[in-house]
Amino acid sequence: MKPKWSKRLRARYVSIHLHGECRDAYSALVDTYRNLFGEVSLGLSGLKQVKLSGNVSREVLTVRVWHTFLNNLRASVALLRCGDQPLQAHVVAVSGTVMGLEDLLRKRGYLS
Amino acid sequence: MNNVRRRFYDLNVGPARDEEWLDAVMAMAEHLGYRGVAIVVEDNAEWIRDAASAYKVELYTRVDIRARRLRDVRKKISKLRWADIIGVICEDRGFAREAAKLKQVDILSFSGRSIGFIDTRQINVVNIHRKPIEIVLRDVIAGTTPLYIYIEKLRKALEVSWRGGATLILSSGASGPGGMRSPRDIASIASILGYPEDWSLGLLSDNPRRVVGDML
């Protein structure tokens, strides 16, 4: 039997709108994910910050995650904390490709 | 089914303060993709309906009754006919079962420790009397209580509701726009506990919609 992680992994590019101030939002997201799901899940999730071309709105954070871990990421976004304070954030767009994500962000006015 | 455009509802935001507050809440609800929001009010405030008319989001007034005895609930309910939704905050297991039998009560609300009161017997009672159960995630979202403390209670509540086929609703219980979260992000909290995505999304769309549809 093959282990679960040996399935083909498909990437999901996720843009997150942060409604508050946080010096390092990506680290805050990683910390929240680690607190909720642990070090192993964090490692397997393939969580990684992605830089988009074009003028992206400052409050948008874009990450890549493997598709099987998308729900974990969404739960982390709902319960996101920056330091000791809860940070309001929500997922703006999800796509399987960076170009698709950029199109969605352009439609929603986050990218020019 | 996941591709169907869903209408999401947050049936517990408030209590309402002033017009500025309401504007911020309605704008945030629209931004997050909610179709309807229930604002907790303390008195019959007509200004709420007037102020919310500029937004696409449907607004419902809600009153939460906190009482120890059923007699007190009955007394309060008689004066609350103007409210769209009447909720009862359940802080006692026995009281929660009795409150489900009251015709005028629309929602039984559980938050924090009281989530543990949602058991098979409670589900049987609410099924007989067709009452929806609401789980308020205020403490978890605000971070005043770590998730691990409530995760077992939450899992059990979801499991008995899933098995019993009860109408379960998840709501943010936000006190302002800053406490509100995207419906899909809230639903993912149920998804990570092992429930199908479609069912989890129903906790914020189909189930509250059924409640709102019954009320009006």
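Biologist: Which element gives the most residues to the lining of the second largest pocket?

Modeller: This is a predicted model, so what follows describes a prediction. The second largest pocket has a volume of about 400 Å³, and its lining draws at least two residues each from α1 (25-45) and β4 (81-82) of chain A and from α6 (138-142) and α7 (147-164) of chain B. Among these contributors the most comes, with six residues, from α1(A).

Biologist: Which residues lie nearest the centre of that second largest pocket?

Modeller: By class, the lining divides into 10 nonpolar, six polar and three charged residues. Of the 19 residues that line the second largest pocket, those nearest its centre are Thr32(A), Asn35(A), Leu36(A), Leu79(A) and Arg81(A).

Biologist: Turning to the largest pocket, how many charged residues does its lining have?

Modeller: About 1,200 Å³ of space lies in this pocket, and 34 residues line it, the closest to its centre being Arg5(B), Phe8(B), Leu32(B), Gly33(B) and Arg184(B). Elements that each supply at least two lining residues are α2 (70-78) and β6 (89-95) of chain A, together with α1, β2, α8 (183-191) and α9 (197-202) of chain B. Sorted by class, the lining of the largest pocket holds 15 nonpolar residues and nine polar ones, while the number of charged residues is 10.

Biologist: In the sheet of chain B, which strands stand at the edges?

Modeller: Seven strands of chain B form an open sheet with parallel pairing, in the order β1-β2-β3-β4-β5-β6-β7. Neighbouring strands in this sheet are turned against each other by 30° on average, with direction ignored. Pairing on one side only marks the edge strands of chain B, which are β1 (8-13) and β7 (168-171).

Biologist: What angle does the direction of helix α1 of chain B make with that of β2(B)?

Modeller: Helix α1 (residues 19-32) of chain B packs on the sheet, where it touches β1, β2 (34-40) and β3 (58-65) of chain B. Its direction and that of β2(B) make an angle of about 150°.

Biologist: Which residue of β6(A) is the bridge partner of Val14(A)?

Modeller: Six bridges join β1(A) to β6(A), and the two strands run antiparallel. The bridge partner of Val14(A) in β6(A) is Val94(A).

Biologist: What is the omega value of the cis peptide bond between Gly14(B) and Pro15(B)?

Modeller: Pro15(B) lies in the loop between β1 and α1 of chain B. The cis bond joins this proline to Gly14(B), with an omega of about 10°.

Biologist: Finally, what is the mean pLDDT of chain B?

Modeller: The model as a whole scores ipTM 0.88 and pTM 0.90, and chain A averages a pLDDT of 92, with 95% of the residues scoring at least 70. In chain B, 97% of the residues reach 70 or more, and the mean pLDDT is 90.

Definitions and conventions: Residues are numbered from 1 along each chain as its sequence is written. Chains are lettered from A and ligands numbered from 1 in the order in which they are written. This is a predicted model: local features need pLDDT of at least 70, side-chain atom pairs count only at pLDDT 80 or more; totals for chains, interfaces and linings use all residues. Side-chain values use heavy atoms; hydrogens and water are left out. Two strands pair if DSSP finds at least two bridges between them. Helices (H or I, at least four residues) and strands (E, at least two) are DSSP runs, numbered from the N terminus. Axes are lines fitted to C-alpha atoms, for helices over the stretch in contact, and angles run from 0 to 180 degrees between N-to-C directions. Contact means heavy atoms within 4.5 Å. On a 1 Å grid over the protein atoms alone, a cavity is a set of points where a 1.4 Å probe fits but cannot get out, and a pocket is an open set with protein on both sides within 12 Å along at least five of seven lines; lining residues have an atom within 4 Å of a point. Grid points are joined across faces, edges and corners, and a volume is the space filled by probe spheres set on the points. Ala, Val, Leu, Ile, Met, Phe, Trp, Tyr, Cys and Pro count as nonpolar, Asp, Glu, Lys and Arg as charged, and the others, Gly among them, as polar. pLDDT is the predictor's confidence in each residue, from 0 to 100.
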